[in-house]
Amino acid sequence: MADITNEQLIQRLQEKFGEQVFDIQEPYGLVTVTTTRENIIPMLQALYDDEVLQMQFLTTMCGMHFPDNKGQELGVVYHVHSLQNNIRLRIKIFFPEDDAVVPTATNLYLTANWMEREAWDFYGIRFEGHPNLIRILNVEEMEVFPMRKEFPLEDQTREDKINTFFGR
Amino acid sequence: MELAKQNTQIVTPDSYMQELTTLNLGPTHPATHGIFQNILKMDGEKIVSGVPTIGYIHRAFEKIAERRNFYQITPLTDRMNYCSSPINNMGWWMTVEKLLGVTVPKRAEYIRVIVMELARIADHLICNSILGVDTGAFSGFLYVFQEREKIYEIYEEICGARLTTNMGRVGGMERDLSPVAIQKIRDFLRDFPKVMTEFETMFNRNRIFVDRVEGVGPITAEKALNYGFTGPNLRAAGVDYDVRVMNPYSSYQDFDFEVPVGTKGDTYDRFMVRNEEIWQSLRIIQQAMDNLPEGPFHADAPEFYLPPKQEVYRNMEALIYHFKIVMGEIDAPAGEVYHSVEGGNGELGFYLVSDGGRTPYRLHFRRPCFIYYQAYPEMVVGTQLSDAIVILSSMNVIAGELDA
């Protein structure tokens with residue numbers, strides 16, 4: 001039941017995954033690593049099975065969109081948590097917009113089912129192997145992925161609300 | 001007993017009754033306590049499969065938040081779990097404070113603990129008393145709702161609102177606890193245990209109630225963890241995970257309280273865990289009231305905390321800050337924060353990515369309901385329709401949080 005410090009976690013990650021994890025940071029005390037989408041499921045599995053870390057709880061996962069990062073526009077962020085050691089880890093993957101396919105985590109975590117459906121619904125990230133990848137919160141007839149940055153929130157054709165007046 | 005056995009028998013394949021009935025439970029069914037639909041396949045009264053459809057009150061909070069200033073996002077969090085909106089508000093402020101690096105004074109943290117625990121009591125009271133209604137006991141519901149009304153009066157005294165509270169500010173509270181608010185909290189602490197004892201006397205060992213809920217909708221600890229359960233539902237399954245203990249926030253480490261756990265994870269355990277948590281919340285409020293520190297009720301964060309109105313009229317800096325805050329012209333530092341609080345029904349997380357602008361670049365809410373409601377089809381398969389209603393209300397699924 002010993003708590004693991006961030007340094008021990010980073011060391012463990014490096015010796016376990018080596019070059020597969022990169023861009024290791026600690027923003028606000030939460031270890032954040034980036035990996036590739038080929039590695040993500042083996043990595044989650046290895047973290048799940050690791051006898052020291054025991055990261056067996058998927059806290060949350062969500063999609064992200066950075067349209068300016070060419071070739072790496074879309075991303076998925078996983079937050080895993082080790083309840084035994086009380087330490088969290090954030091894993092990110094990035095991939096191009098026109099090839100938004102990620103292997104599914106539903107075989108490992110049942111809870112990933114709806115989270116992946118949500119990411120598909122809002123960002124159009126296709127999870128390969130997902131049992132039932134359909135929209136979850138939006139209507140099924142919707143043709144766009146509304147959380148992507150190319151869909152601004154307010155109607156841009158309105159002339160009665162000029163943005164410079166509203167400090168946005 | 002013989003009759004019950006007959007009722008659960010599946011009709012034989014050659015029977016003319018082999019066709020299953022499709023039943024739409026919801027979206028606006030009075031027993032679902034919210035707008036969500038379940039398409040159930042029924043064999044008589046027995047449920048063969050269930051498909052939940054959600055999103056009927058989806059309001060795109062995550063998208064709206066990308067165009068709003070930080071202080072304009074609290075009203076959105078109110079409308080997620082509207083049974084315990086102060087917890088959502090405080091969770092959001094703590095996320096922002098973490099991003100900005102603001103240190104909150106002790107008094108503000110204690111006030112926050114008091115309102116969060118009051119909100120937890122209100123949330124659990126709603127869940128448990130509605131569970132009583134669903135099993136046919138209406139009077140318990142009316143009885144504890146009087147006390148819930150008193151909690152709402154305390155909110156009113158603290159922030160002016162009742163249901164969607166929009167309470168607190170960056171760095172603390174918008175005003176100090178008034179003498180009336182303190183008196184109302186003390187009255188509540190004095191009167192509520194009596195009511196709660198009667199409520200427990202009415203249900204805990206009531207034969208009719210126990211028969212309806214014991215062994216209904218059980219879930220194992222492994223399964224619950226795999227499904228991402230948190231909060232009372234996970235603790236009912238026997239896992240003592242509580243964010244207040246694991247990652248204390250807002251001075252929760254100062255208080256002495258216990259984390260109740262169940263064993264089987266069935267409806268009765270969920271009910272009992274919630275009841276016990278109400279007692280523990282009372283303990284926390286009592287300790288916080290007794291040891292309420294003196295001092296300021298908000299942090300010294302002039303760029304994010306509105307200056308007093310008198311200052312705005314007389315003081316140049318105050319006027320500038322007032323203008324900048326109201327017009328939302330202050331940039332937040334770039335960075336990414338995950339902060340979670342123990343909400344009314346589980347770990348309520350905020351994942352905030354800031355690119356250094358005035359609004360969040362990306363804000364993701366970890367809504368506990370959304371995550372554990374996935375287990376519902378599995379929990380209801382093989383049970384009777386009336387059990388499905390009981391399981392649903394014991395899981396405390398709030399439609400506003402489910403759909404965000």
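A: In this predicted model, β3(A) and strand β4 (residues 74-82) of chain A pair in the antiparallel sense, over eight bridges. Within that pairing, A:Thr60 stands opposite A:His79 of β4(A).

The two strands belong to an open sheet of five strands in chain A. Its order is β1-β2-β5-β4-β3, and the pairing is mixed. The edges are taken by β1 (22-25) and β3 (57-65) of chain A. Each has a single partner strand, so one side of each is left without a neighbour in the sheet. From one strand to the next, the twist averages 20°.

Helix α3 (residues 112-123) of chain A lies across β3 and β4 of chain A. This helix runs at about 5° to β3(A).

Now the partner chain. In chain B, 31 residues are in contact with 28 residues of chain A. Elements giving two or more residues to this side of chain B are α2 (61-65), α9 (221-226), β4 (335-343), β5 (346-354), β6 (362-366) and α15 (368-372) of chain B. β4(B) gives the most, with four residues. By residue class, the side of chain B that touches chain A divides into twelve nonpolar, nine polar and ten charged.

β4, β5 and β6 of chain B also form a sheet of their own. It is open, has the order β4-β5-β6, and is antiparallel in its pairing. The edge strands are β4 and β6 of chain B, each pairing on one side only. Here the twist averages 10° from one strand to the next. β5(B) and β6(B) pair in the antiparallel sense over five bridges. B:Gly349 stands opposite B:Arg366 in β6(B). Helix α4 (residues 85-100) of chain B packs on this sheet and touches β4 and β5 of chain B. The direction of α4 makes about 150° with that of β4(B).

Chain B also has helix pairs to inspect. The axes of helix α6 (residues 138-159) and helix α7 (residues 179-203) of chain B come within 10 Å and cross at roughly 165°. α6(B) and α7(B) are therefore roughly antiparallel to each other. The crossing is left-handed. Among the residues in contact are B:Tyr143, B:Val144 and B:Ile151 from α6(B), and B:Phe188, B:Phe192 and B:Val195 from α7(B). The contact residues divide into 14 nonpolar, one polar and six charged.

A second pair is helix α12 (residues 267-290) and helix α17 (residues 385-395) of chain B. They pack at an angle of about 30°, with their axes 10 Å apart. α12(B) and α17(B) are therefore roughly parallel to each other. α12(B) passes α17(B) in a left-handed crossing. The contact is made by B:Thr267, B:Arg270 and B:Phe271 of α12(B) and by B:Val390, B:Ile391 and B:Ser394 of α17(B). These divide into three nonpolar, two polar and one charged.

One further helix, α14 (residues 316-327) of chain B, has twelve residues. From its first C-alpha to its last it reaches 17 Å, close to the 16 Å expected at 1.5 Å a residue. Just after α14(B), B:Gly328 takes a positive phi of about 65°.

Notes
Residues are numbered from 1 along each chain as its sequence is written. Chains are lettered from A and ligands numbered from 1 in the order in which they are written. This is a predicted model: local features need pLDDT of at least 70, side-chain atom pairs count only at pLDDT 80 or more; totals for chains, interfaces and linings use all residues. Axes are lines fitted to C-alpha atoms, for helices over the stretch in contact, and angles run from 0 to 180 degrees between N-to-C directions. Angles under 35 degrees count as roughly parallel, over 145 as roughly antiparallel, 65 to 115 as roughly perpendicular and the rest as oblique. A crossing is left-handed if the near helix is turned anticlockwise from the far one by less than a right angle, and right-handed if clockwise. Two residues are in contact if their C-beta atoms, placed from the backbone, lie within 7 Å. Ala, Val, Leu, Ile, Met, Phe, Trp, Tyr, Cys and Pro count as nonpolar, Asp, Glu, Lys and Arg as charged, and the others, Gly among them, as polar. Two strands pair if DSSP finds at least two bridges between them. The expected span of a helix is 1.5 Å times one less than its number of residues.
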